[in-house]
Amino acid sequence: AVVSTQSTGIMDAKLEGAKSQAKIDAEVISSSLNNERMRWRNKFTVIEENLQRKKVELIAAYEEEVAGVSSQLRSPVEREVCKGQVSDIVQCYQANQTEVLRCQELTVSFDKCVSNALASR
C-alpha cells in the first residue's frame, strides 16, 4: 500500500507539473499571438497611411489636370444673333402668306447674318 501511495503521489506531482507546463505554454502562445497581431496591425496601418497619401496625391494631380484642360477650353457664349431679323422674317411671312417671295430679301440678309456669326466663333 505504501508503494501505491507513493506511486499516486508521483502521478499527482507529474499531473500538476504537466498542468503548470500547459499553463505556461498557453501564456507563451497567447503572448506570441498578441505580439504577432500587433506586428500585423502596425503593417496594415502603414499600408493604409501610404494608400491614403497616394489617394490625396492622385486627387491633387487629377484636379490639376482638369484645371489645365479647363483653362484651354472656351466656354460657349450664348449670344442672341440675328434676333431682330428673325422677328422681321416671321412678320413678313405672316403678312405675305400667299406671296412669300416678298420676304426673300429678309431671308438672304438673315442667312448672311448667321454665316457671319458662325464664322466669328
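**Two sulfur links and a chain**

Tutor: Let's begin with a detail: the link of C92 and C103 is left-handed, with -100° about the S-S bond. Keep in mind that this is a predicted model.

Student: OK, how far apart are the sulfur atoms of C92 and C103?
Tutor: They sit 2.0 Å apart, and the two residues form a disulfide. C92 lies in helix α2 while C103 is in the loop between α2 and α3, so the pair ties together parts 11 residues apart in sequence.

Student: And are C92 and C103 buried or exposed?
Tutor: Both C92 and C103 are buried.

Student: How many disulfides does the count come to?
Tutor: The count comes to 2 disulfides.

Student: What's the handedness of the disulfide of C82 and C113?
Tutor: Its S-S torsion is about -100°, so the disulfide of C82 and C113 is left-handed.

Student: Does C82 count as buried or exposed?
Tutor: C82 counts as buried, because its relative accessibility is 9% and the cut-off for buried is under 20%. C113, at 23% relative accessibility, counts as partly exposed.

Student: What's the pairing if I number the bonded cysteines in sequence order?
Tutor: Then the pairing is 1-4, 2-3.

Student: Let's zoom out. How many helices and strands are there in the chain?
Tutor: The chain has 3 helices and 0 strands. Read from the N terminus, the elements run α-α-α.

Student: Why is the chain called more spread out than a compact globule?
Tutor: Its radius of gyration is 46 Å, well over the 14 Å that the globule rule gives for 121 residues, so the chain is more spread out than a compact globule. Along the principal axes, the C-alpha atoms fill a box of roughly 140 × 35 × 15 Å.

Student: What share of the residues counts as buried?
Tutor: Of the 121 residues of the chain, 5% count as buried. The accessible surface comes to about 10,900 Å², and 58% of that belongs to carbon and sulfur atoms.

Student: Last one, on charges: how many are positive and how many negative?
Tutor: There are 16 positive and 17 negative charges, and their mean positions are 5 Å apart.

Technical notes. Residues numbered from 1 in each chain as written. Predicted model: local features only at pLDDT ≥ 70, side-chain atom pairs only at ≥ 80, totals over all residues. Heavy atoms only, no water. Helix = DSSP H or I, 4+ residues; strand = E, 2+ residues; numbered from the N terminus. Rg over C-alpha atoms; globule rule 2.2 N^0.38 Å. Buried < 20%, exposed > 50% of the residue type's maximum accessible area, 1.4 Å probe, protein only. Areas by Shrake-Rupley, 256 points an atom, 1.4 Å probe, with all protein chains shown as cover. Lys, Arg positive; Asp, Glu negative; His and termini not counted. Charge placed at Lys NZ, Arg CZ, Asp CG, Glu CD. Disulfide = S-S within 2.5 Å.
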